[in-house]
Amino acid sequence: FVSVDCTAGELIEHCKAQQIRKFPTLRFVYLGVFLKTEYRGERRVEPMKQFIDELIDHDIPILDNISKLEQIRVDQNHRCVMGFFQSTDTPEYLAYKKVSGAFHKQCYFYAFINEVQEVPVLAIRDFALGDDIFPGIIETMTIYPWIRDN
């Protein structure tokens, strides 16, 4: 946690650039990037703590068959990010779970675990534009901009 005084000194311009206009304002940085998520709840410790806990600790539904994704009712204005992995212990899955924390309010995340999945695959399903397959190695710093930009 970092506390910044946006009312005095050289930080005033920085705060304006970050569009901080109300006090107190909570901004969240994840993987070095400001999240779009904004806290609008009560200014008490317990509701803020609950919000932060939900923001950083979330589960990715694990499905064993892609046809189950078709059965899930999702808001088609949100994209679905789908990861296909051998297990939840792989470095690729762990990177996927970590990056999903930055976007789980804007996208639905699903993991498909299959022991015969030889190469991990990541795809985004945009209901208007179709599917897009991630072209690189699944690591935190490579998939973060891809999910953000797609």
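These are my notebook entries on a predicted model of one chain.

**Overall layout**

I started with the secondary structure and got five helices and seven strands. Reading along the sequence, I wrote the order down as α-β-β-α-β-α-β-α-β-β-β-α. The C-alpha trace spans about 60 × 30 × 30 Å along its principal axes. I then looked up burial: of the 150 residues, 33% count as buried. For contacts between residues at least 6 apart in sequence, I found that 64% join residues at least 24 apart.

**Surface and charge**

The accessible surface came out at about 10100 Å², and carbon and sulfur atoms account for 52% of that. I have 17 positive and 22 negative side chains on the list, with the centres of the two sets 9 Å apart.

Which sense does the pairing of β4 and β6 take? I get antiparallel, over five bridges, with β4 covering residues 79–85 and β6 covering residues 121–126. One bridge I noted sets phenylalanine 84 against valine 121 in β6. On to β7 (residues 130–133): β6 pairs with this strand in the antiparallel sense too, over four bridges. There I have isoleucine 124 opposite aspartate 132 of β7.

**Serine 100**

I picked serine 100 in helix α4, which runs over residues 91–103. Is serine 100 buried or exposed? Its relative accessibility is 0%, so I put it down as buried. Leaving out residues up to four places away in sequence, I find serine 100 touching His58, Ile60 and Phe109.

**Cysteines**

How many disulfides does a search of the whole structure find? I got one. The disulfide joins cysteine 6 to cysteine 15, with S to S at 1.9 Å. I read -70° about the S-S bond, and the link between cysteine 6 and cysteine 15 is left-handed. Both ends are covered: cysteine 6 is buried at a relative accessible area of 13%, and cysteine 15 is buried at 3%.

Cysteine 80 is in no disulfide, and the nearest cysteine sulfur to it is that of cysteine 107, 8.6 Å away.

How values were computed. Residues numbered from 1 in each chain as written. Predicted model: local features only at pLDDT ≥ 70, side-chain atom pairs only at ≥ 80, totals over all residues. Heavy atoms only, no water. Helix = DSSP H or I, 4+ residues; strand = E, 2+ residues; numbered from the N terminus. Buried < 20%, exposed > 50% of the residue type's maximum accessible area, 1.4 Å probe, protein only. Contact = heavy atoms within 4.5 Å. Areas by Shrake-Rupley, 256 points an atom, 1.4 Å probe, with all protein chains shown as cover. Lys, Arg positive; Asp, Glu negative; His and termini not counted. Charge placed at Lys NZ, Arg CZ, Asp CG, Glu CD. Pairing = 2+ DSSP bridges. Disulfide = S-S within 2.5 Å.
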